[in-house]
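My notes are below the structure.

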Amino acid sequence: MSRRSKRSARAGGWDGPARGGRPATHDAPPPARIPWWRRLRPPRRLSFTREGRIIVILSVGVGFAGINTGNNLLYLLLGWLLSFIIASGILSELTLKRLTVERRPPPRVFAGEPFLMEVVIKNEKAHRASFSIDVEDLVGSTPLDKRCYFLKIPAAKSQRTSYRHTFVRRGLYTLTGYRVATKFPFALFRKSRDVDAPLEVLVYPARAPVARPSPRTHAQGESQANRTGRRGEFFGLREHRSGDDRRDVHWRSSARTGRLLVREYEDEHARKVVICVDNALPDAVRDAVVDAALTPAMETAVASVERAISVAASLAAVYLEAGWTVELCARGCRIPPGAGRSHEARIARALALLAYASPELAFAVLPPRVDSVLVVPRAVSAPGRPRAATVMDA
């Protein structure tokens, strides 16, 4: 497989930007056929504990001793040990039956920050409780470093708990399923079963402390926003407050309602800013990211681009919180201007999935007479960067 085809292929658990040179898509994949070797996988996995090894060794030793000596007491002891093992297998199987697990990630997960993944397990057995249950998320066939433990799940009840985890990099992570395991009743074996239940977790860029730059342009009045001002398009009516201009009183509505109502207008001096972030990396570095063959110098370049993306995301949040209209530009990505919490989520999602781009890929043309901020990675130099009123090194 060529390097370029590797860059476009997505395999494994992470669907993030480091996997490819183009933004991640979110179309629903067609239902995949289960490979034949997955069908041959046993429904349960069994591993010995320390106590289980001792019991098995004792059983084998007592069995050989009983055969050699013909002692009925040894046969009786062997039967007791074997029944102990069989009872352990039956009871553990009944414990694992009809258990369903639901994982609930928080609404926002940021790179480098620990978060709590809520795990809810439900016992669908009507008359039997389950005991000593472990639940852990899987990436492929590898469990994450955390697991949840449930001492008892009553019949027809559910229990919930959380585990703490941290994703180091932004991007789209896919948890392919979960593993349910138990050592009940005698801790001789650890019996488990894997369940395919894909769950996507979008990790946003790391939050960085940034300050909003001072406006560098005097272009105002080009667009309107849903904020009240002295003159502009009609916005609505409200009750009269002390200090309102009497020329804004809407006498007809005031006479109809019996309350003094005044007009409100949209603000003609709404502020707008364009945030640009340079996500370019040399072709050799992007190929090394796909092949997981980064040198220290390449790791520095990738970390610098990631810092620039984090600064751009934090800067957009600061501007939007202050009531500005924000537009986002990058190589191969442009988010039209907007305001409010929904627009902040749109920008954060675009930056979380922003792929590394070629330096030859051009930026979108910046609108004239609008405040602009360009965030550039300090360790990467690339041509074709647009002119901006403010340039920030990350």
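These entries start with the sheet and end with the patch.

Entry: I am working from a predicted model. I looked up the strand order first. It is an open sheet of five strands, ordered β15-β14-β13-β16-β17, and the pairing is mixed.

**Entry: β16 and β17.** I then checked how strand β16 (residues 371-376) joins β17. The two run parallel, with four bridges between them. I looked for what stands opposite L374 and found V391 in β17.

Entry: Which strands does helix α7 lie across? I listed β13 (272-277), β14 (325-330), β15, β16 and β17 for α7, which spans residues 296-321. Helix α7 runs at about 170° to β13. Next I took helix α8 (residues 341-352). Helix α8 lies across β13, β14 and β15, and runs at about 170° to β15.

**Entry: the patch.** I moved on to the surface. L82, I86 and I90 form a nonpolar patch there. Together they have about 280 Å² of accessible area. I placed I90 in helix α4, residues 72-96. Why does I90 count as partly exposed and not as exposed? Its relative accessibility is 49%, and exposed begins over 50%. So I logged I90 as partly exposed.

Terms used. Residues are numbered from 1 along each chain as its sequence is written. This is a predicted model: local features need pLDDT of at least 70, side-chain atom pairs count only at pLDDT 80 or more; totals for chains, interfaces and linings use all residues. Side-chain values use heavy atoms; hydrogens and water are left out. Patches are made of residues with over 30% relative accessible area and no salt bridge: like charges are joined within 9 Å, nonpolar side chains (Val, Leu, Ile, Met, Phe, Trp, Tyr) within 5 Å. Accessible areas come from the Shrake-Rupley method with a 1.4 Å probe; for residues, only the protein chains shown count as cover. A salt bridge is a side-chain nitrogen of Lys or Arg within 4 Å of a carboxyl oxygen of Asp or Glu. Buried means under 20% relative accessible area, exposed over 50%, partly exposed in between (1.4 Å probe, protein chains only). Two strands pair if DSSP finds at least two bridges between them. Contact means heavy atoms within 4.5 Å. Axes are lines fitted to C-alpha atoms, for helices over the stretch in contact, and angles run from 0 to 180 degrees between N-to-C directions.
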